[in-house]
Amino acid sequence: MMGRLKGKTCLVTAAGQGIGKATALAMAKEGASVVATDINEGAFPDLEAAGCQTHVLNVREPDSIARTREAIGTPDVLFNCAGYVAHGNILDCDEDSWAFSIDLNMTAMFRVTKTFLPGMIEAGGGTILNMSSAASSVIAAPNRFVYGATKAGVIGMTKSIAADFIGQGIRAHAICPGTVESPSLDERIRTLGETMGGYEAAKKAFISRQPMGRIGTAEEVAALAVYLASDEAAYTTGTIHVIDGGWSNI
């Protein structure tokens, strides 16, 4: 089933690592013209080797978003993947931490989508994929206060966009992963391991909350993103796609 995205241009934010990188590579493999963006251009060589066009993009800076829009034009698919996982409960969250998570996880997504959506409408339609999380309005997770709040907000934004622009050919989806292997997760495990007796003990704690008994892979989430971006999902919009190894089902 190769070539499911042939003829489509796909813009991926935070494509330098993790789910963003896996998705950019998977979309390129399926025949898309992929514009892989990230704040770190040092992550670009692997993406360029796979045939992706790369651009430095800081999703927190409106001018950077505008420059990217001017450089690449209008994509058929926009995957808003940039985000940050903050640890702690409401008492651990100060004003600066709150503002940072809101800005990166929600406001940046608002900025990017608002920049590219008019062109997609003018072109006759397109698909918007927004990275949310199972830790959102789907399920609560301990010590994920501001993260869960922002990811619930992403679901609300996604549903609203889908409802408002369905008549103009726009489809919008929220992807809600559980625990997924990534450099970001590895960093969190190492930090947690400092108070849990080591890396392996902390990793075991993360694995134990997955009913499947394992952590997901970025490639598995990328496969879902490819499907949602393809014409196979043409009758689907405004949905929450949970991919969490059964975590939210117990």
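1. From strand β5, Gly126, Ile128 and Asn130 point one way while Thr127, Leu129 and Met131 point the other way, and all of them are buried (buried means under 20% relative accessible area, exposed over 50%, partly exposed in between, with a 1.4 Å probe and protein chains only). In a regular strand the side chains alternate between the two faces of the sheet. Strands, like helices, are DSSP runs numbered from the N terminus, with at least two residues (E) for a strand and at least four (H or I) for a helix.

2. This is a predicted model, in which local features need pLDDT of at least 70 and side-chain atom pairs count only at pLDDT 80 or more, whereas totals for chains, interfaces and linings use all residues. Residues are numbered from 1 along each chain as its sequence is written, and side-chain values use heavy atoms, leaving out hydrogens and water.

3. On one side, β5 runs parallel to β4, and four bridges join the two (strands pair if DSSP finds at least two bridges between them). Within this pairing, Ile128 in β5 is the bridge partner of Leu78.

4. Six bridges join β5 to strand β6 (residues 170–177), again in parallel, and Met131 stands opposite Ile175 in β6.

5. Turning to the surface, Leu91 lies in the loop between β4 (77–80) and α4 (95–122), and this residue is exposed, with a relative accessible area of 80%.
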